[in-house]
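Here are some notes to read with the model open beside you. Take the points in order and look each one up as you go.

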Amino acid sequence: MRGKRERLLREMYAAMHARLGPSGWWPGETPLEVCVGAVLTQNTAWTNVTKAILRLRDAGVLASGQALLSLPEADMSELIRPAGFFRLKAVRLRNLLRFLDDACGFDFSVLAGQELDYLRPRLLNVSGIGPETADSVLLYAVGLPTFVVDAYTRRILHRHAMVPDDIPYHELRDVFMDVLEPDVPLYNEFHALLVRVAAQWCRARAPRCADCPLCPFLDGGGA
């Protein structure tokens, strides 16, 4: 079964990549911006996150982690207002920033030298940082091999009869990590391709299955 799942995932990856090309993911000019985006994207569309990040950038507080951390919470809340739930997200972002300051002084190369199994539980212990946010930070900002899964991943794999709709996050993540080698570029591109396919074809409503790059796999299923 593991061998069948690995072959299926690799074939799906190849089909998406052949159709869409490389993604250049994650949106963010620096590791700090990636961390900010990982928090702000909770329960909101990326277009709104982009607006909030631009406001932070224009305010000059994305120049360094210390500059962002020193920003008063009320000011941070106002700047990230377009991302929604802005007061809650300001608290969560400050919690993450304090963790990064304490753990590495915003030197992400320090974190990159740590073991994933050591760093991930520490990050998950930060208030307001769930598994998807933590894995986004670890993969895209730090460069450690952890697979990011989200609602798009769940939707695609469920529609392809590979997972139940209510599969827990850690089990959905293991669908990939149990059979794919720990490879940062592969994990990065695979997640990005799934997001792009879900946005364009495998939509929550009115999916466009006939033209989807993954249409040939609809009857393959099986994990």
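1. Start with Asn43, which sits in the loop between α2 and α3 (helices here are DSSP runs of H or I with at least four residues, numbered from the N terminus). Its phi is near 60°, a positive value in a residue other than glycine. Most residues other than glycine have a negative phi. Asn43 is also exposed, at 67% relative accessible area (exposed means over 50%, buried under 20%, partly exposed in between, with a 1.4 Å probe and protein chains only).

2. Before going further, note that this is a predicted model, where local features need pLDDT of at least 70, side-chain atom pairs need 80 or more, and totals for chains, interfaces and linings use all residues. Residues are numbered from 1 along each chain as its sequence is written, and side-chain values use heavy atoms, leaving out hydrogens and water.

3. Now the helices on either side of that loop. The axes of α2 (residues 31-40) and α3 (residues 46-58) come within 10 Å and cross at roughly 135° (axes are lines fitted to C-alpha atoms over the stretch in contact, with angles from 0 to 180 degrees between N-to-C directions). The two are therefore oblique to each other (under 35 degrees is roughly parallel, over 145 roughly antiparallel, 65 to 115 roughly perpendicular, and the rest oblique). On the α2 side, the contact is made by Glu33, Val36, Gly37 and Leu40 (contact means heavy atoms within 4.5 Å). From α3 come Trp46, Val49, Ala52, Ile53, Leu56 and Arg57.

4. Which way do α10 and α12 cross? Their axes come within 9 Å, at roughly 75°, so α10 is roughly perpendicular to α12. Tyr152, Thr153, Arg155 and Ile156 of α10 meet His191, Leu194, Val195, Val197 and Ala198 of α12.

5. Next, the aromatics: the whole structure has 5 aromatic pairs (ring centres of Phe, Tyr or Trp, the last by its six-membered ring, within 6.5 Å; planes under 30 degrees apart are stacked, over 60 edge-to-face, the rest tilted). In one of them, Phe147 and Phe190 have ring centres 5.8 Å apart and planes at 70°, so the pair is edge-to-face. Phe147 is in the loop between α9 and α10 and Phe190 in α12, so the pair ties together parts 43 residues apart in sequence. Phe147 is buried at 0% relative accessibility, and Phe190 is buried at 2%.

6. Last, Ala206 lies in the segment after α12. Ala206 has a positive phi of about 50° although it is not a glycine, and it counts as exposed at 56%.
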